[in-house]
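Open the model in your viewer and keep the selection tool at hand.

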Amino acid sequence: MSENYINVYNNLIIFSRNKDLYKFLNRNDDFSDRLTILLVHFCFFLKRFKSEENRKIMQEIYDFVFRQLELSIREEGYGDQSINKKMKVYLNYFHSVVDELHFWEKMEFDTKVEKLSIFLSEFKEIKFFVEYFDDFYDNLQKNNLKYYLNSVIKP
């Protein structure tokens, strides 16, 4: 079934490559910026589809996405020792994103701005991102998991 997980990963990559997300960055975006945006998207994805019935498949998707990230780091030319350190940092970072955004739908707008500011500190106009991720989460709600497993979404 992991062949379908590439569709989920590719969809997350497509969402994180949205040029509108980087227009509020004071500099050219880099791997770290794109990774942050990817991980925030992934957080909302897991939040939306996490359920007892999806538990196994969501764990497999989680493992697959982080394996793909590891491969991306390897492609950047890092050695095994550096990769292990970076992956530990990325996993801890991701879990802090999940912790901070866990109650997203219950948060007031200003709280959402505050929470996203933690992770998007290099970006201006955090209010734009709150609206963007509200819309993203709403769109996730409109589809089921199979929708993301079976195809790559066209932007």
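This is a predicted model. Start with the aromatic rings: a search of the whole structure finds 27 aromatic pairs.

Select Tyr 62 and Phe 94. Their rings form a tilted pair, 6.1 Å centre to centre, with 50 degrees between the planes. Tyr 62 sits in helix H3 and Phe 94 in helix H4, so this pair ties together parts 32 residues apart in sequence. Both Tyr 62 and Phe 94 are buried.

Next, select Phe 128 and Tyr 132. Their ring centres lie 6.5 Å apart and their planes meet at 20 degrees, so the pair is stacked. Both belong to helix H6, four residues apart, or about one helical turn. Buried or partly exposed: which is Phe 128? With a relative accessible area of 22%, Phe 128 is partly exposed. Tyr 132, at 16%, counts as buried.

Now show helices H2 (residues 31-49) and H3 (residues 55-75). They pack at about 175 degrees, with axes 11 Å apart. That makes H2 roughly antiparallel to H3. The residues in this contact are 15 nonpolar, one polar and no charged.

Finish in the largest nonpolar core, which has 55 residues. Phe 42, Phe 44, Phe 45, Ile 61, Leu 116, Phe 129 and Phe 133 touch the most other members. H2 gives the largest share, eleven residues. Centre on Phe 45: its contacts include Val 8, Leu 12, Ile 61, Leu 140 and Tyr 148.

Note on methods: Residues numbered from 1 in each chain as written. Predicted model: local features only at pLDDT ≥ 70, side-chain atom pairs only at ≥ 80, totals over all residues. Heavy atoms only, no water. Axes fitted to C-alpha atoms, helices over the stretch in contact; angles between N-to-C directions. Helix = DSSP H or I, 4+ residues; strand = E, 2+ residues; numbered from the N terminus. Parallel < 35°, antiparallel > 145°, perpendicular 65-115°, else oblique. Nonpolar A, V, L, I, M, F, W, Y, C, P; charged D, E, K, R; others polar. Core = buried A, V, L, I, M, F, W, Y, C linked by side-chain atoms within 4.5 Å. Buried < 20%, exposed > 50% of the residue type's maximum accessible area, 1.4 Å probe, protein only. Contact = heavy atoms within 4.5 Å. Phe/Tyr/Trp six-rings, centres within 6.5 Å; stacked < 30°, edge-to-face > 60°. Lists of a residue's contacts leave out its neighbours within four places in sequence.
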